[in-house]
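Please keep the sequence and the structure open while reading.

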Amino acid sequence: MARIKLDNITKEFGDGENSIVAVDDVSLEIHDGEFVVFVGPSGSGKSTLMRTVAGLEDQTDGDVVIGNTIVNELSPSDRNIAMVFQNYALYPNMTAEQNMSFGLKMSTDLTDDEIEQRVTEAAQMMGIEELLDNSPGDMSGGQQQRVALGRAIVRNPNVFLLDEPLSNLDAKLRTEMRTEINRLQNDLDVTTLYVTHDQTEAMTMGDRLVVLNQGQLQQVGTPLECFYRPANQFVAGFLGSPSMNFFTGHVEGGTFRTDGIDFDLTERIQSSLGDRNEVTLGIRPEDIELHEEPNSAHGFEAVVDVVEPMGSISYVYLRPEKQESEKTFVVETEGQRATTVGDHMYVEFPPESVHLFDIDSGETIHQRRLNEDAEEALRDRMEKNLSA
Ligand code: ADP
């Protein structure tokens, strides 16, 4: 096991006009035994950052520290890490057992008995004892990925690096493997970095998320912290599905006005504005209230544009009645609620659920409120992380 420290890592591909800064001055520390998920859209630098930790890419600038050692000059094989990739990367002409034991035979002086014992234990852990004599061609994608994970486990590494390991699996299997990797990481307690572009994986898997965009670090925090306390509009929009609704408008006499919507800001919200009179307001689909009748003086009328029934919930897309453009916002409602295209609704934004963002930098200037228990749970986790 080992902690990992990244000090001002920059990775530039190419030089001159055509150069790409894939990772831009990223610093962070990953605790011993921690499960950290690198998440961001495609091309945000997640894989490059992980490959830098592995030694598969040389950083242009900065230091990678594993344990107490600066490993910049160490080859991947000398960093005591094990990687698992999206495409499994198993040897096709070897059995599962041979795939799992091959690395140990080549690069350790373990005896045959010791190797067999490790492979058997890893196979039990992954539930693949029955498959040890099969070759990859005779296995499903899920089984192949289990073998690839087993191969990583037998190495007994200081660090696991998993790069989109579930992307090739179908949705049901992905959900199963997600739970299994969580359990495995918990049991083995090995420092783990996990790359994904999938925000559901990110929310459900890591102790902490490292959110990246265009090579730049956006936020490091527990999944719930990033979800409820996003550092900026990018993180707010990236986590959560459907995304947070954003409205850009100006503030006049304590009222936020945008095309078709007037929203009275509480004093608490107003106090976060500073000297801004233009801001972006954000509110999540599950926080917006829809009423058939006017519920308070603060609501506004909107027309249902599209209804997407998902089963237990529905996503209802609406357009403010007085709005000129065709832009819609989305509200999550109970699945059993009858809502039809063309319905007129009274919409309310509960003030405690509203976020505000700086219109230029995207930085969060006002965070939503949480109920007391949620607030306390969030604070506990943050403190635990700080002291870890
Ligand atoms: P992600 O894993 O988030 O999808 P990557 O780390 O793969 O992102 O890529 C980040 C950026 O670096 C992208 O713009 C990508 O095109 C570029 N990039 C990655 N690898 C190379 C390479 N070997 N040569 C040139 N550009 C690369």
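## A glycine in helix α2

Gly103 has a relative accessible area of 26%, so this residue counts as partly exposed. The structure is a predicted model, and within it Gly103 belongs to helix α2, which covers residues 96–107. Between Gly103 and Gly342 there are 63 Å in space, taken from C-alpha to C-alpha, and the two glycines are 239 residues apart in sequence.

## The chain as a whole

The protein chain contains 10 helices and 21 strands, and its C-alpha atoms fill a box of roughly 80 × 45 × 45 Å when this is taken along the principal axes. Of the 388 residues in the chain, 48% are buried, while the chain as a whole exposes about 18900 Å², with carbon and sulfur atoms supplying 43% of that area. When contacts between residues at least 6 apart in sequence are considered, 66% of them join residues at least 24 apart.

## The ligand and its shell

Which residues surround the ligand? The shell consists of Phe13, Ile20, Ala22, Pro41, Ser42, Gly43, Ser44, Gly45, Lys46, Ser47 and Thr48, and by type these divide into four nonpolar, six polar and one charged. At least two residues of the shell come from each of β2 (20–30) and α1 (46–54), and α1 gives the most, with three residues.

Is Thr52 buried or exposed? Its relative accessibility is 1%, and because buried means under 20%, Thr52 counts as buried. Leaving aside residues up to four places away in sequence, Thr52 touches Ile9, Glu57, Gln59, Val64 and Arg79.

Helix α4 has 14 residues and reaches 20 Å from its first C-alpha to its last, close to the 20 Å expected at 1.5 Å a residue. This helix is mostly covered, with 12 of its 14 residues buried; among them are the arginines Arg146 and Arg151, together with Val147, Leu149 and Ile153. The buried residues of α4 pack against β6 (81–85), α2, α3, β7 and α5.

Helix α5 (residues 171–188) has 18 residues and spans 26 Å between its first and last C-alpha atoms, which is close to the 26 Å expected at 1.5 Å a residue. Its buried residues are Met177, Arg178, Glu180, Ile181, Leu184 and Gln185, and these pack against β3 (35–39), α3 (112–126), α4 (141–154), β7 (159–163), β8 (191–196) and α6 (199–205).

## Backbone geometry to check

Most residues other than glycine have a negative phi, and most peptide bonds are trans. Asn8, in strand β1 (residues 4–13), has a positive phi of about 50 degrees although it is not a glycine, and with a relative accessible area of 41% Asn8 is partly exposed. Asp25, found in strand β2, likewise is not a glycine but has a positive phi, of about 55 degrees, and its relative accessibility of 46% makes Asp25 partly exposed.

Key: Residues are numbered from 1 along each chain as its sequence is written. This is a predicted model: local features need pLDDT of at least 70, side-chain atom pairs count only at pLDDT 80 or more; totals for chains, interfaces and linings use all residues. Side-chain values use heavy atoms; hydrogens and water are left out. Helices (H or I, at least four residues) and strands (E, at least two) are DSSP runs, numbered from the N terminus. The expected span of a helix is 1.5 Å times one less than its number of residues. Buried means under 20% relative accessible area, exposed over 50%, partly exposed in between (1.4 Å probe, protein chains only). Contact means heavy atoms within 4.5 Å. A residue is near a molecule or strand if one of its heavy atoms lies within 4 Å of it. Ala, Val, Leu, Ile, Met, Phe, Trp, Tyr, Cys and Pro count as nonpolar, Asp, Glu, Lys and Arg as charged, and the others, Gly among them, as polar. Accessible areas come from the Shrake-Rupley method with a 1.4 Å probe; for residues, only the protein chains shown count as cover.
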